[in-house]
2 protein chains.
Amino acid sequence: MRNSPQELCERLSRGDRGAVARLITWAENDVAGFAEVANTVHDRIGNAWRTGVTGPPGAGKSTLVNELTLCLRAKERTVGILAVDPSSPFTGGALLGDRIRMEERTTDPGVFIRSMASRESHGGLARASVDACDMLDAFGFDEVVIETVGVGQAEYDVVSAADTVVVVLCPGAGDGVQAMKSGLLEVADVLCVNKNDRPGADRIVSDMQESVHIRMSGRFEWITPVVSCSAGRGEGLDAVLDAVEEHREFLKGHDLEGRRRAKRTEQVIRVVTERLHAALWQGRGYEAQVRGFLEGGVAPYDVAERVLAELLIAIPEPLGSTDSQSGSIRS
Amino acid sequence: MRNSPQELCERLSRGDRGAVARLITWAENDVAGFAEVANTVHDRIGNAWRTGVTGPPGAGKSTLVNELTLCLRAKERTVGILAVDPSSPFTGGALLGDRIRMEERTTDPGVFIRSMASRESHGGLARASVDACDMLDAFGFDEVVIETVGVGQAEYDVVSAADTVVVVLCPGAGDGVQAMKSGLLEVADVLCVNKNDRPGADRIVSDMQESVHIRMSGRFEWITPVVSCSAGRGEGLDAVLDAVEEHREFLKGHDLEGRRRAKRTEQVIRVVTERLHAALWQGRGYEAQVRGFLEGGVAPYDVAERVLAELLIAIPEPLGSTDSQSGSIRS
């Protein structure tokens, strides 16, 4: 059984890149054996630093990630990259194209690149991408980079699962004011203005610096640094890496573990939600019940309320809730 | 109580546009009173034809929708438009900007335009947009148009809730081959190549015609028509409307009601899923349970399995499942 969970765990420990690739496919396709692997390698997860990179289409995220990877390699750090396709048939194509070109170029065994495209609903994309990062982490990459276009809730969930989130803006593509209004900047740990040789870059930097000051009181008083670079010209990349490094040192002194536990809790909730959804609507008779009520002329929101009431009456308070609040665990 | 559910139902019946606007806000914010309104006006829903319009950024969807609206108004049909912002701080801003300009221009009481921006997860965006369309429908608009950028699963769900889905492509913005590969074209009932005065338009039309022939055997043998137009120049719009009209006549002769019931079932499932999620993770102690297990060193997938097992043991087969299969309804 070359691809049994046990065998894949062993291949992963031996540093077999094919095992990482296979396990990421398992995570993406929600293959049953993945849970066993995840549980087995669980204690090898947590050594990699996870950096999420997001921003508007055209901000130059791929180029930036490629250049940052070269800088990290020069420091002898190994890098696993997950490029999450935002499920768009349009922009997604371009992203994958870039990646294929980069993958062809890369023969460095210290770099691993994987694209992930998913049209899964119910949090499936975020769940799968965190699982994929876990595999890169368990394999032993020093750095894990998650890149995604800043659209939609799913991609937002993907990138906010990282330790450090870099939001990339650039003059022309994407209005900084819009980004501020939307609240996406609230997930930014580092703001990076790319293509800083273009007109308007200074304006975005100063706009961003102002917006950062406004919200500096939250989140342990980390003041999101605003850095600028030109990834295309290879300029200013050290400033970006330094900002990520500073954030890393900051978190290590300020509840990194608590932050990671909260993100891990979110991931477990995603797994439970995804499986509960499948069990209720595919496995059991609830869809037929809904259809039956609707065909009988019950108004849709009444149908929803009846089904929900039936479910909630059945579901008890969690068995371990009192114990878990006191910190001990029921087994 | 000017804004009680009862009062809003009455105002809606009287043709008060302010009531539609308020109710769409309620749908968007998941206000408790919305369910009562939805149930009350339930039997007034189903008269409007719902057309979904999607495609890549820059394909000219907003211009197309504006021009189609003018054509529909010339035929004395009233039009309610819901522009669903794909939650992007970047492209979303532009979309809203266009809308604001169009809203300022519109003094025609036969047209109603509303933008909806949402970063809701767990299907919230699709749920809210269908609820909003229901309100436009109940108000009495002949046509309801839902416009969204083709990115992500949520937007896909939004547009696929329509009766007729128009996928808009154009030369330059978005590769037709990518669109085919991605499977997004599978939701297209009408393919529209916009900006057909630009070079490359004929190529996209012929590519699309080929891809349509490949998959013609499914879905009641509806052969997705490929039409081309230039919305900016006001050319070819009748061909687009004719294609939508043909699809409408086709569905009326081929299980329109069954198709609508299936979409209604999906919507009820979204409502139940959203509320169940809130009840489990916000209302009850399951999040604390997950945290407790993780702090106790249980591997994440084991935690998920334990919690899921607890939930699934508690949840019975649906009470009404036998009855509903025989067609009668338990009350």
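How many residues of strand β4 (residues 143-149) of chain B are buried? Seven of the seven are buried, so that β4(B) is mostly covered, where a residue is buried if 20 or more other C-beta atoms lie within 10 Å of its own, exposed if 12 or fewer, and partly exposed in between, with C-beta atoms placed from the backbone. The model is a predicted one: local features need pLDDT of at least 70, side-chain atom pairs count only at pLDDT 80 or more, and totals for chains, interfaces and linings use all residues. Residues are numbered from 1 along each chain as its sequence is written, and chains are lettered from A and ligands numbered from 1 in the order in which they are written.

Chain A contains 14 helices and seven strands. Helices (H or I, at least four residues) and strands (E, at least two) are DSSP runs, numbered from the N terminus. Of the 331 residues of chain A, 52% count as buried. Among contacts in chain A with a separation of 6 or more, 71% involve residues 24 or more positions apart. Two residues are in contact if their C-beta atoms, placed from the backbone, lie within 7 Å.

In chain B, both faces of β4(B) are buried. B:Glu143, B:Val145, B:Glu147 and B:Val149 point one way, and B:Val144, B:Ile146 and B:Thr148 point the other way. Strand β1 (residues 49-55) of chain B pairs with β4(B) in the parallel sense over seven bridges. Pairing requires that DSSP finds at least two bridges between two strands. B:Val53 has B:Glu147 as its bridge partner in β4(B).

Strand β6 (residues 190-193) of chain B also has buried residues pointing both ways. B:Val190 and B:Cys192 lie on one side, B:Leu191 and B:Val193 on the other. Strand β5 (residues 164-169) of chain B runs parallel to β6(B) and is joined to it by four bridges. Here B:Leu191 is the bridge partner of B:Val167. Strand β7 (residues 226-228) of chain B pairs with β6(B) over three bridges, again in the parallel sense. In β7(B), B:Ser228 is the bridge partner of B:Val193.

Helices of the two chains meet. The axes of α11 (residues 256-283) of chain A and α12 (residues 286-295) of chain B come within 10 Å and cross at roughly 120°. Helix α11(A) is therefore oblique to α12(B). Axes are lines fitted to C-alpha atoms, for helices over the stretch in contact, and angles run from 0 to 180 degrees between N-to-C directions. Angles under 35 degrees count as roughly parallel, over 145 as roughly antiparallel, 65 to 115 as roughly perpendicular and the rest as oblique. From α11(A), the contact uses A:Arg261, A:Arg264, A:Thr265, A:Val268 and A:Ile269; from α12(B), B:Glu287, B:Val290, B:Arg291 and B:Leu294.

Helix α12(B) is mostly covered, with seven of its 10 residues buried. Among them are B:Glu287, B:Val290 and B:Leu294. Just after α12(B), B:Gly297 adopts a positive phi of about 90°.

Most residues other than glycine have a negative phi. B:Glu76 has a phi near 60°. The loop between α4 (61-74) and β2 (79-85) of chain B holds B:Glu76. B:Glu76 counts as exposed because it has 8 C-beta neighbours inside 10 Å. B:Asp255 has a positive phi of about 65°. This residue, B:Asp255, sits in the loop between α10 (237-252) and α11 (256-283) of chain B. B:Asp255 counts as exposed because it has 12 C-beta neighbours inside 10 Å.
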